[in-house]
Amino acid sequence: MKKELKDTIVVELGQKLKEYPHFYLVDIAGLNAEQTSNLRRKCFKSEIKMVVVKNTLLHKAFEASDIDFEPLYDSLKGSTAVMFTQTANVPAKLLKEYKNEGIPALKAAYAEEGFFVGADKLEELVSIKSKNELIADVVALLQSPIKTVVSGLNAGGKIHGLLDAIAERNK
């Protein structure tokens with residue numbers, strides 16, 4: 001591979017590291033062509049950009065980045081694919097489908113500005129909530145008292161009915 005091509009690949013990887021806030025390093029050794037194609041299809045449907053890279057080029061892209069990715073350096077062994085995503089837990093859910101087969105296996109991840117090294121971190125990554133899920137939780141918490149008041153008003157139609165409904169709820 002020519003040096004110019006290597007430099008281009010390092011620059012492109014650096015752009016992806018800036019574009020996507022989360023990425024996973026995955027070991028894809030052992031996948032045949034059909035399995036790799038199926039994995040790529042699933043990634044595309046889940047809005048995950050999967051790129052197979054040379055470890056040395058990815059290491060150079062990490063070094064050129066503004067973020068210190070040193071905790072991930074030891075994971076750059078064997079064949080590596082990088083799964084870039086906008087939502088932190090989507091690749092983890094996809095990899096969980098393959099957990100029994102062991103391929104592809106999680107090497108490491110950078111999600112929600114944290115480092116997760118090792119295949120044992122998969123469950124932790126699956127449980128990360130996206131920004132939209134957190135907003136939905138907050139909205140649900142805020143709506144709960146309002147729903148109580150509205151249902152109380154509908155039940156009794158008067159303040160007395162509302163107070164009784166609230167008193168019953170607090171028992």
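Does phenylalanine 115 count as buried, partly exposed or exposed, and at what relative accessibility? Select the residue and look. At 31% relative accessibility, phenylalanine 115 counts as partly exposed. The scale used here is relative accessible area with a 1.4 Å probe and protein chains only: buried is under 20%, exposed is over 50%, and partly exposed lies in between.

**Before you go on**

This is a predicted model, where local features need pLDDT of at least 70 and side-chain atom pairs count only at pLDDT 80 or more, while totals for chains, interfaces and linings use all residues. Residues are numbered from 1 along each chain as its sequence is written, and side-chain values use heavy atoms, with hydrogens and water left out.

**Whole chain**

Show the cartoon. The protein has seven helices and five strands. Both are DSSP runs numbered from the N terminus: helices are H or I with at least four residues, strands are E with at least two. Trace the chain and the order reads α-β-α-β-α-β-α-β-β-α-α-α.

Switch to a surface. The accessible surface comes to about 10800 Å², and 55% of it belongs to carbon and sulfur atoms. Areas come from the Shrake-Rupley method with a 1.4 Å probe; for residues, only the protein chains shown count as cover. Of the 171 residues, 35% count as buried.

Now contacts, meaning heavy atoms within 4.5 Å. Among those between residues at least 6 apart in sequence, 74% join residues at least 24 apart.

**Stop 1: the nonpolar patch**

Return to phenylalanine 115, in strand S5 (residues 114-117). With Phe115 they make a nonpolar surface patch of about 210 Å². Patch residues have over 30% relative accessible area and no salt bridge; like charges are joined within 9 Å, nonpolar side chains (Val, Leu, Ile, Met, Phe, Trp, Tyr) within 5 Å.

**Stop 2: lysine 107**

Select lysine 107 in strand S4 (residues 105-111). A salt bridge needs a side-chain nitrogen of Lys or Arg within 4 Å of a carboxyl oxygen of Asp or Glu.

Follow the side chain of lysine 107 to the backbone oxygen of serine 75, reached at 3.5 Å. Then show the neighbours.

**Stop 3: the salt bridges**

The structure holds three salt bridges.

- Select lysine 3 and aspartate 7. Their closest N and O atoms are 3.4 Å apart. The two are four residues apart in helix H1 (residues 3-19), so about one helical turn separates them. Lysine 3 is exposed at 56%; aspartate 7 is partly exposed at 38%.
- Select lysine 96 and glutamate 123. The closest N and O atoms are again listed at 3.4 Å. Lysine 96 lies in helix H4 (residues 90-97) and glutamate 123 in helix H5 (residues 122-126), so the pair ties together parts 27 residues apart in sequence. Lysine 96 is partly exposed at 37%, and glutamate 123 is partly exposed at 37%.
- Select lysine 121 and glutamate 124. Here the closest N and O atoms are 4.0 Å apart. Glutamate 124 is partly exposed at 40%, and lysine 121 is partly exposed at 27%.

Definitions and conventions: A polar contact is a pair of N or O atoms within 3.5 Å; within protein, one must be able to donate a hydrogen and the other to accept it, and residues adjacent in sequence count only if both atoms are side-chain atoms.
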